[in-house]
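Here's a quick briefing to read alongside the fold. Have a look at the structure first, then work through the points below.

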Amino acid sequence: MQTSELAARAAAIELLLLDVDGVMTDGSVAYLDDGRELKRFHVRDGSGLKLWRAAGKRVAIVSGRSSPAVERRAAELGVSPVLQGREDKRPALEEVLRVTGVTPDRVCALGDDLPDVPVLRACGLAVAVADACAEARAVAHYVTAVPGGHGAVRDAIEWLLKLAGRWGEVTARYTT
């Protein structure tokens, strides 16, 4: 795809659709002795999501697993809707589209594994994290420079906003 077509698609994106395990986290699952699950989120992903929202954009989460930590992180970042326990992610994408009123061509999806591939294919732009499975990387318009859980969401946001010509605008308060 030509850079000009990617730029036009990036400018049209209204919603960032995120997987959690392997995208917002490194994909590890740690259980505490009391049975609770522990997840680690990268702080720059959070600051990137705040920049994305400052640009007037929205964020949604669709995850195959369920975790209170995801609800908490999403609430901290103002992310909604959050659909968890959705192993079949394509119907979950349709639900997000209904709830938000966004069309698939205005969605950029981030994924890392086979359940994400149908969603990546259905959206206007697809991003795979650096350590994604080969099938996810093959359908992606962009592959992040870093693996999931290590700033990959921030990397994707920078790529999108720079392509759309909006990075300077959303970072000006920090750089001028």
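Predicted model: local features only at pLDDT ≥ 70, side-chain atom pairs only at ≥ 80, totals over all residues.

Start with a helix pair: the axes of helix α1 (residues 3-12) and helix α7 (residues 152-163) come within 8 Å and cross at roughly 105°. Residues are numbered from 1 along each chain as its sequence is written, and side-chain values use heavy atoms, with hydrogens and water left out.

**The α1/α7 contact**
- On the α1 side Thr3, Leu6, Ala7 and Ala10 meet Trp159, Leu160 and Leu163 of α7 (contact means heavy atoms within 4.5 Å).
- The residues of this contact split into six nonpolar, one polar and no charged (Ala, Val, Leu, Ile, Met, Phe, Trp, Tyr, Cys and Pro count as nonpolar, Asp, Glu, Lys and Arg as charged, and the others, Gly among them, as polar).
- Helices (H or I, at least four residues) and strands (E, at least two) are DSSP runs numbered from the N terminus; axes are lines fitted to C-alpha atoms, for helices over the stretch in contact, with angles from 0 to 180 degrees between N-to-C directions.

**The sheet**
- Six strands make an open, parallel sheet in the order β5-β4-β1-β6-β7-β8 (two strands pair if DSSP finds at least two bridges between them).
- At the edges sit β5 (82-83) and β8 (142-143), each pairing on one side only.
- β1 (residues 15-18) and β6 (residues 107-111) pair in the parallel sense over four bridges, with leucine 16 opposite cysteine 108 in β6.
- Helix α4 (residues 89-100) packs on the sheet and touches β1, β4 (58-62), β5 and β6; the direction of α4 makes about 150° with that of β4.

- On a 1 Å grid over the protein atoms alone, a cavity is a set of points where a 1.4 Å probe fits but cannot get out, while a pocket is an open set with protein on both sides within 12 Å along at least five of seven lines; lining residues have an atom within 4 Å of a point.
- Grid points are joined across faces, edges and corners, and a volume is the space filled by probe spheres set on the points.
- The largest pocket has a volume of about 290 Å³, and its lining includes Leu32, Arg36, Phe41, Arg72 and Glu76.
- α3 gives the most to that pocket lining, with five residues; by class the lining has five nonpolar, one polar and six charged residues.
- A search of the whole structure turns up one cavity of 30 Å³ or more, and the largest cavity holds about 70 Å³ of space.
- Which elements give two or more residues to the lining of the largest cavity? They are β1, β6 and α5 (117-122), and β6 provides the largest share, three residues.
- Seven nonpolar, one polar and three charged residues line the largest cavity.

**Two loop spots**
- Proline 81 lies in the loop between α3 and β5, and the peptide bond from serine 80 to proline 81 is cis, with omega near 5°.
- Alanine 140 lies in the loop between α6 (134-139) and β8; not counting residues up to four places away in sequence, alanine 140 touches Ala126, Val127 and Ala128.
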